[in-house]
Amino acid sequence: MTRAISTFSSCFVLGVFGLAGCQPPEAEPISEPEAELAQSSGAEFSQKEAMGKLMFFDPMLSTPPGQSCAHCHSPGAGFGDPGQLLPVSRGAHPDRFGNRNDLTAAYAAHIPPMEFDEEEGIWVGGLFWDGRAATLAEQAKGPPLNPLEMANPDAAAVVAAMRVAVYADEFKAVYGEGAFDNVDQAYDFMADAIAAYEMTEELNPFNSKYDQYLAGEVELSARELRGLALFEDEGKGNCAACHPSRPSPDGTPPLFTDYTYDNLGSPKNPEHPFYFLAPEFNPDGTDYVDLGLGPVVGDAALNGFFRVPTLRNVGVTGPYLHNGLFKTLYQVVAFYNSRDVAPWPAPEVPENVNIDELGNLGLTVQEMEDIVAFMLTLTDGYQGG
Ligand code: HEC
Ligand code: HEC
């Protein structure tokens with residue numbers, strides 16, 4: 001489905017259902033029905049969380065208006081971008097595109113800040129594909145000011161929109177009468193409220209078919225069980241080595257990422273719209289190379305490394321990989337399976353490709369399809385079947 005032009009606020013309403021199609025609207029603050037629609041998961045919220053939710057869904061927090069966080073992180077698409085045809089998200093300016101594929105905001109609350117694990121000698125944790133934000137609140141301060149996303153000129157523009165929002169009084173009730181007085185502080189409060197919402201059960205429901213299976217409430221099909229076994233078998237898929245599939249010792253359900261970084265050797269995506277942006281946004285044109293973790297930690301040996309993403313809701317968050325190269329899960333598994341033995345295009349960053357754990361898995365077509373069937377059990381909101 002095509003992403004509709006983002007400057008239209010009705011995209012926001014439809015986006016909740018993952019539908020495309022927008023009407024040019026008058027710019028107006030989030031309306032009551034929109035707020036109600038956004039309340040649909042049944043989760044209970046504190047005043048701060050409820051306000052954070054209104055902000056997350058507020059299309060007035062972009063310039064031009066029309067793009068909320070939810071636009072690229074829609075509940076109808078596992079809190080990822082409902083637009084699946086483009087490799088990356090479109091900005092509030094419809095002719096601008098980000099340099100990376102969307103990550104889901106769901107379960108991001110579980111991502112630890114980045115840290116160097118001395119024992120293993122590796123980096124672990126951090127938000128974004130390259131780990132550059134330490135916390136949800138720090139992350140939330142990025143998109144409103146990113147010219148390729150919500151594109152506000154400065155924090156003052158965002159705070160001005162918040163001042164006239166339906167939640168302006170609540171903002172003062174939660175953060176104090178003078179909450180809007182200092183722009184930087186008001187902007188921090190916004191990030192704090194959005195982060196509080198992202199920590200709620202609504203974005204962390206743990207109610208996929210697989211969760212219900214782990215709780216002994218439902219059975220997996222024979223195919224899904226075969227897929228699970230292949231996913232975990234070190235001599236087969238070996239996926240769980242980086243995407244752990246069992247609850248941790250403290251009882252936290254599996255998050256399907258160990259928050260480490262790797263270079264899978266993914267080829268460039270020739271359809272990447274970022275290549276074709278004006279030089280002020282991408283001076284390198286088609287020669288642009290996404291170096292991932294390397295520049296963030298100042299270690300060129302880690303160029304091409306990206307953080308292992310969660311696989312929760314992966315059935316509805318395509319396309320896949322940091323550059324949106326693959327449109328289907330089957331293609332992803334096929335790449336893991338035969339990268340080193342079939343004529344795949346060269347890696348974008350050829351140094352440091354992980355050749356130990358993937359690239360030649362020897363899986364049959366049926367085994368690959370079984371693994372895909374298992375990954376489809378990770379979609380939240382399973383109603384029995
Ligand atoms: C134009 C689309 C777009 C908008 C609008 C947007 N995001 Fe994102 N979001 C992305 C992309 C793309 C990434 C990955 C970028 C990267 O890693 O460099 C991302 C990453 C994230 C992550 C990190 C997840 C992880 O696994 O590390 C969170 C959390 C998030 N966004 C929340 C938000 C919030 C909150 C807002 C609103 C303030 C927002 N996003 C607005 C596209 C968007
Ligand atoms: C060595 C660690 C490692 C192993 C083993 C591994 N993965 Fe991954 N996986 C990653 C990393 C890192 C990424 C992100 C890479 C990128 O975007 O460049 C990723 C991305 C993915 C994605 C794309 C998710 C998204 O939201 O874009 C899927 C699907 C996936 N892996 C499934 C699997 C399956 C299935 C297996 C087993 C056949 C597997 N992985 C084995 C590290 C691993």
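**Entry 1. The whole chain**

I began with contacts in the protein between residues at least 6 apart in sequence: 68% of them join residues at least 24 apart. For a contact, I required two C-beta atoms, placed from the backbone, within 7 Å. I note that this is a predicted model, where local features need pLDDT of at least 70, side-chain atom pairs count only at pLDDT 80 or more, and totals for chains, interfaces and linings use all residues. Residues are numbered from 1 along each chain as its sequence is written, while chains are lettered from A and ligands numbered from 1 in the order in which they are written.

I looked up the secondary structure next and found 13 helices and four strands. These are DSSP runs, numbered from the N terminus: helices are H or I with at least four residues, strands are E with at least two. I then checked burial. Of the 385 residues in the protein, 48% are buried. Buried means 20 or more other C-beta atoms within 10 Å of a residue's own, exposed means 12 or fewer, and partly exposed is in between, with C-beta atoms placed from the backbone.

**Entry 2. Nonpolar cores**

Which residues of the largest nonpolar core touch the most other members? I found Met51, Met55, Met190, Ala193, Ile194, Ile371 and Met375, in a core of 83 residues. Helix α8 (residues 183-198) gives this core its largest share, ten residues. Domain 1 (7-198) and domain 2 (209-378) each supply at least three residues to this core. The domain bounds come from an automatic or database domain assignment. A nonpolar core here is a set of buried Ala, Val, Leu, Ile, Met, Phe, Trp, Tyr and Cys residues joined through C-beta atoms within 7 Å.

I followed Met375. Leaving out residues up to four places away in sequence, Met375 touches Leu311, Val314, Gly315 and Leu329. I also noted a second, separate core of five residues, with Val88, Phe97, Leu148 and Phe274 among them.

I checked the length of α8. Its 16 residues reach 23 Å from first C-alpha to last, close to the 22 Å expected at 1.5 Å a residue. The expected span is 1.5 Å times one less than the number of residues. The buried residues of α8 include Ala186, Tyr187, Phe189, Met190 and Glu198. What covers the buried residues of α8 includes α3 (47-56), α4, α5, α6 (155-163) and α7 (168-175).

Why is α3 largely enclosed by the rest of the structure? Eight of its ten residues are buried. Among them are Glu49, Lys53 and Phe56.

**Entry 3. Ligand shells**

I turned to ligand 1. It has 26 residues around it, and Cys69, Cys72, Phe128, Trp129 and Pro143 come nearest. A residue is near if its C-beta atom, placed from the backbone, lies within 6 Å. Helices α4 (69-72) and α5 (136-140) each supply at least two residues of this shell. By class, I get 16 nonpolar, seven polar and three charged. Ala, Val, Leu, Ile, Met, Phe, Trp, Tyr, Cys and Pro count as nonpolar, Asp, Glu, Lys and Arg as charged, and the others, Gly among them, as polar.

Ligand 2 is surrounded by 26 residues, the closest being Cys239, Cys242, Tyr320, Leu321 and His322. Helix α12 (residues 329-338) gives the largest share of this shell, four residues. The shell around ligand 2 has 17 nonpolar, seven polar and two charged residues.

**Entry 4. Loops**

Where are the cis peptide bonds I looked up? One joins Thr63 and Pro64, with omega about -5°. Pro64 lies in the loop between α3 and α4. Another joins Gly318 and Pro319, with omega also about -5°. Pro319 lies in the loop between β4 (306-307) and α12.

I checked phi at two asparagines. Asn313 is not a glycine, yet its phi is positive, near 65°. Asn313 sits in the loop between β4 and α12. Is Asn313 buried or exposed? It counts as buried, because it has 22 C-beta neighbours inside 10 Å. Asn352 also has a positive phi, about 65°. Its loop runs between α12 and α13 (365-375). Asn352 has 17 C-beta neighbours inside 10 Å, so it counts as partly exposed.

My last stop was Gly265, in the loop between β3 (261-262) and α11 (293-297). Gly265 is buried, with 21 other C-beta atoms within 10 Å. Leaving out residues up to four places away in sequence, Gly265 touches Arg339, Pro347 and Val353.
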